[in-house]
Each structure stands twice: as structure tokens, then as C-alpha cells.
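Hello,

Here is the structure we talked about. Please open it first, then read my notes below.

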Amino acid sequence: MKNKLVLVTGGAGYIGSHTAVELMNEGYDVVIIDNLSNSEKSVLNGIAEITGRNPYFEQFDICDKKKLENFFRVYKKLDAIIHFAAYKAVGESVEKPLKYYQNNLNTLMNLLEGMVKHEVPHFVFSSSATVYGQPDELPVTETAPFKPADSPYGNTKQIAEEMIRDTVNASPGLQAISLRYFNPIGAHPSALIGELPRGVPNNLVPFITQTAIGLREELKVFGDDYNTPDGTAIRDYINVVDLAKAHVVSIKRMIEHKSKDRLEIFNLGTGKGSSVMEIVKAFEKSTGVKINYKIVGRRTGDVESVYADTKYANNELGWKAETGLEETLLSAWNWEKNIRKKA
Ligand code: NAD
Ligand code: WQD
């Protein structure tokens with residue numbers, strides 16, 4: 001029987017590349033669309049080296065409707081789309097909100113329109129725990145209400161989920177799963193693919209690995225006066241390969257008609273919160289490398305504590321994050337060492 005064909009938008013990016021690998025390992029054929037606005041073409045070599053085969057690759061901007069229409073005509077029989085392509089820098093989205101609304105919403109609209117027109121039945125969307133803001137109750141469940149978005153980026157995820165809901169309601173042939181990621185970290189154990197932040201990283205773990213390798217002088221720990229056991233903020237850090245696997249499970253679920261609803265929403269986290277200082281200590285323990293750090297003031301817009309209630313994803317999706325924090329941080333470190341060797 002012919003392999004199922006999945007379109008992975010943003011598949012040269014951090015989470016998309018790991019997901020392409022897991023799909024291909026499970027026998028799916030993958031076509032990637034990426035305009036390489038935040039990634040490198042060489043990522044495709046990493047995917048090929050790990051899986052032993054090449055994904056199809058089309059380089060263009062999904063905001064370009066004509067090119068996308070042409071793509072749908074050429075790749076006639078897509079079984080599913082996983083949509084990662086978006087801008088994701090929270091701070092930049094505050095400075096340049098329209099850049100974010102333009103890219104994150106137009107890519108989604110164009111894809112949904114194309115899916116309805118070309119009868120592609122299954123859609124997986126990269127959502128974010130950012131839709132919850134600072135939740136009233138922890139761990140946070142999928143039924144917790146959206147809080148006013150902290151940033152235009154966060155708002156694009158809230159609007160996107162609503163757009164998907166409305167489109168699914170109006171399109172009997174369309175089914176979707178929205179996955180709300182907590183804090184994805186780490187890299188593939190082969191160290192052949194991983195996160196490639198441009199410039200100074202905003203996120204904690206790339207900042208730690210760049211400090212460890214000597215690219216940054218010291219890590220600034222943003223606030224130690226939160227109402228948490230050690231005073232630093234708490235997040236739910238999830239291994240990127242575990243996260244990628246949840247996408248494969250979601251695709252299978254829809255193809256095998258196991259969904260309970262035509263739009264389902266799942267939290268992707270570990271269920272365990274870790275503080276910034278716990279991450280620093282776990283990194284030091286697993287790698288043996290000391291991190292130079294300094295406590296500074298809180299970062300504007302940061303929430304105190306967020307971690308997932310994973311019961312629904314564990315029981316209903318039949319997926320669980322399995323990799324331990326130290327192993328994940330070691331994979332981030334191995335990736336950092338590998339890219340600096342190449343640079
Ligand atoms: P990433 O920037 O590494 O990957 C996104 C990819 O999409 C990049 O390769 C980029 O070149 C491509 N892209 C962007 N706009 C495009 C367009 N218009 N046309 C074609 N390609 C385009 O980001 P990531 O960390 O892999 O995130 C993937 C998705 O997951 C995003 O939607 C992001 O918002 C979401 N998400 C990420 C995190 C996180 O912490 N990394 C957390 C929650 C949700
Ligand atoms: C984690 C913790 C920081 C850097 C962001 C987005 C969110 C989602 C994931 C996409 C916080 C602290 C960080 C540093 C620090 N992305 N920190 N020093 O803020 O939880 O989430 O990425 O959807 O939308 O907002 O992740 O990695 O930036 O920060 O002390 O140099 O580490 O204050 O407590 P965050 P992060």
C-alpha cells in the first residue's frame with residue numbers, strides 16, 4: 001500500500017524538523033513547505049541523515065496564495081497537514097504586531113481555504129500554552145479559559161484556534177487537532193537537528209547552552225521574587241522529540257477515525273513544573289558544565305507559573321512525554337557543541 005503523505009509547513013524549523021523525522025520513521029511520506037525565513041536548508045540534510053530518506057521540499061511563502069494553489073495542484077493527494085509555519089518571537093511581536101498578524105493568520109487562512117477546496121481531510125495546528133496566560137488553576141486543563149493575550153504573538157494563537165473552530169464547523173470534510181505546546185526544549189539524540197535561534201536567544205535553554213559554550217557571558221535569571229519555592233518562575237519543559245511524536249499520534253488518530261470531535265484540543269507538556277534555577281542546576285548536573293548566572297529583575301510579560309494537566313492527552317490521545325529533564329538538557333548541550341564544531 002502507498003505511504004500516507006503529510007504536508008509539514010515550517011518543516012525546516014525547530015519543531016517541524018523533529019516532527020518530519022518522527023513521521024518518516026513511522027512510514028509516512030513528508031513534503032515540507034518552508035520559506036527559510038527562520039531556518040536553514042541544511043536542516044534537510046539532518047532529516048535525511050537520520051531517516052535515510054529525503055522529504056520532498058518546496059521553498060516558498062505560504063502567504064503567497066498563487067504558489068500555494070499551485071502546490072495543492074501538484075501534490076494532489078495529501079492525507080494531512082501539520083501547520084508549524086509562523087513567527088514566534090514574543091518580544092518582536094510587541095514591536096511589530098502587524099508582521100505577526102500578517103504571517104501567522106494569512107498562512108493559516110490560505111491553508112484552510114486550500115484544504116477545503118482540495119479536500120485535504122486532516123489538520124494539526126501548533127498552538128501554545130500562551131493562550132492560557134497566567135491560569136487561575138494549576139495544573140492547567142484544556143478547558144481553562146483564554147486570558148487576554150500577553151502579546152500579539154499570543155493573540156495570533158488565540159485567533160487561530162477560533163478560525164480553525166469556525167472553519168471546521170462549516171466544513172463537514174475537515175477534522176482538526178490543536179496542540180498546545182508548553183515549553184519545548186532539547187534536540188534529537190543524534191545531535192543532527194535541533195533549535196537554531198538567530199541572534200541572542202530569548203528562550204531559557206538556548207541561552208543556557210550558549211552561555212555554557214562561551215558565546216554569552218552570563219545567563220540573566222529574570223526574577224527570584226516570585227511566589228514559588230525558590231522564587232524563580234516555573235514552566236513545563238517538554239522534550240522536542242516527545243512533542244514531535246504527539247503529532248504522529250494525532251495524525252493517526254484522525255486517519256483511523258478515533259477522534260471524539262471534529263476539533264480536538266490537547267495540552268502537550270510533562271505535567272511537571274520546573275523553576276529557572278532547577279533548570280540551571282539540572283543542566284549543570286547532566287553536563288558537568290557550570291553556568292555563569294546573575295539574578296536580575298523580572299522580564300515584562302512573564303507569568304509566574306504554568307504547567308500542564310496532561311491527563312486528557314495521556315488518556316485520550318494515548319501519548320505521554322517520556323524523556324527526563326536531564327537527558328533532554330544533555331541533548332540540547334550535545335546539539336550546541338555539534339553546531340559550534342561546524343561553524
Ligand atoms: P521555527 O521558527 O523554528 O519554525 C517555523 C518555520 O516556519 C521556520 O522554518 C520558518 O522559516 C517557517 N516559516 C515561517 N513563516 C513562513 C511562511 N510564511 N511560509 C513558509 N514558511 C514559513 O519555530 P518552532 O519553534 O519550530 O515553532 C513551530 C510552531 O510551533 C510555531 O507555530 C510556533 O508558534 C509554535 N510554538 C512554538 C513554541 C516554542 O517554544 N518553540 C511553543 C509553542 C508553540
Ligand atoms: C522560560 C523561563 C523566563 C530567558 C515563551 C513564549 C511562549 C512559548 C514558549 C511559543 C521564564 C526565564 C528566560 C533568560 C530567564 N513560545 N528566562 N533568562 O517565556 O515560558 O515562553 O516560549 O508559543 O509563548 O512566551 O519561555 O524560554 O523564554 O522562558 O530567566 O535569559 O526562563 O523568565 O521564566 P516562556 P522562555
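**Around ligand 1**

An oxygen atom of ligand 1 sits 3.0 Å from a backbone N or O atom of S37. Keep in mind that this is a predicted model.

A polar side-chain atom of S39 is 2.7 Å from an oxygen atom of the ligand. The side chain of K88 has an N or O atom 2.7 Å from an oxygen atom of ligand 1. How much of ligand 1 does the protein cover? On its own, ligand 1 has 830 Å² of accessible area, and the protein covers 95% of that.

The shell around ligand 1 holds 27 residues. The closest are D34, N38, S39, K88 and Y153. By type, the shell divides into 12 nonpolar, 11 polar and 4 charged residues. Four elements, α1, α5, β5 (122–128) and α6 (152–170), each supply at least two residues of this shell. Strand β5 gives the most, with 3 residues.

**Around ligand 2**

Now turn to ligand 2. It is surrounded by 19 residues. S128, Y153, K220, R235 and D302 are the closest.

- The side chain of S128 has an N or O atom 2.8 Å from an oxygen atom of ligand 2.
- N202 places a backbone N or O atom 3.3 Å from an oxygen atom of ligand 2.
- K220 places a backbone N or O atom 2.7 Å from a nitrogen atom of ligand 2.

Taken alone, ligand 2 exposes 680 Å², and the protein buries 87% of that area.

Which element supplies the largest share of the shell around ligand 2? The answer is β8, with 4 residues. Both α7 (204–212) and β8 (219–222) supply at least two residues. The shell divides into 10 nonpolar, 5 polar and 4 charged residues.

**Salt bridges**

Next, the charged pairs. Side chains of opposite charge can pair when their charged atoms come close. A search of the whole structure finds 25 salt bridges. Here are three of them, plus one network.

Begin with K67 and D64. Their side chains meet in a salt bridge, 3.8 Å from N to O.

Next comes K117 with E69. The closest N and O atoms of this salt bridge are 3.1 Å apart. The pair links distant parts of the chain, 48 residues apart. K117 lies in helix α5 (residues 97–118), and E69 lies in helix α3 (residues 65–74). The two ends have unlike surroundings. K117 is exposed, with a relative accessible area of 54%, whereas E69 counts as buried at 17%. The cut-off for buried is under 20%, which is why E69, at 17%, falls in that class.

The side chains meet in a salt bridge of 3.7 Å, N to O. Both residues lie in helix α9 (residues 276–287), 3 residues apart, about one turn of the helix. An α-helix has 3.6 residues a turn, so residues three or four places apart point the same way. E284 counts as buried, at 9% relative accessibility, and K281 counts as partly exposed, at 42%.

Some salt bridges share partners. They join R253, K260, E264 and E316 into one network.

**Helix α2**

Last, look at helix α2 (residues 43–51). Which residues of this helix are buried? They are V43, L44, G46, I47, A48 and T51. What do the buried residues of α2 pack against? They pack against α1 (14–25), β2 (29–33) and β3 (56–58).

**Where to start**

After that, trace the salt bridge from K117 to E69. Finish with the buried residues of α2, I47 among them.

Best wishes

Definitions and conventions:
Residues numbered from 1 in each chain as written. Chains lettered and ligands numbered in written order. Predicted model: local features only at pLDDT ≥ 70, side-chain atom pairs only at ≥ 80, totals over all residues. Heavy atoms only, no water. Salt bridge = Lys/Arg side-chain N within 4 Å of Asp/Glu carboxyl O. Buried < 20%, exposed > 50% of the residue type's maximum accessible area, 1.4 Å probe, protein only. Near = heavy atom within 4 Å. Polar contact = N/O pair within 3.5 Å; in protein donor to acceptor, adjacent residues only side chain to side chain. Areas by Shrake-Rupley, 256 points an atom, 1.4 Å probe, with all protein chains shown as cover. Nonpolar A, V, L, I, M, F, W, Y, C, P; charged D, E, K, R; others polar. Contact = heavy atoms within 4.5 Å.
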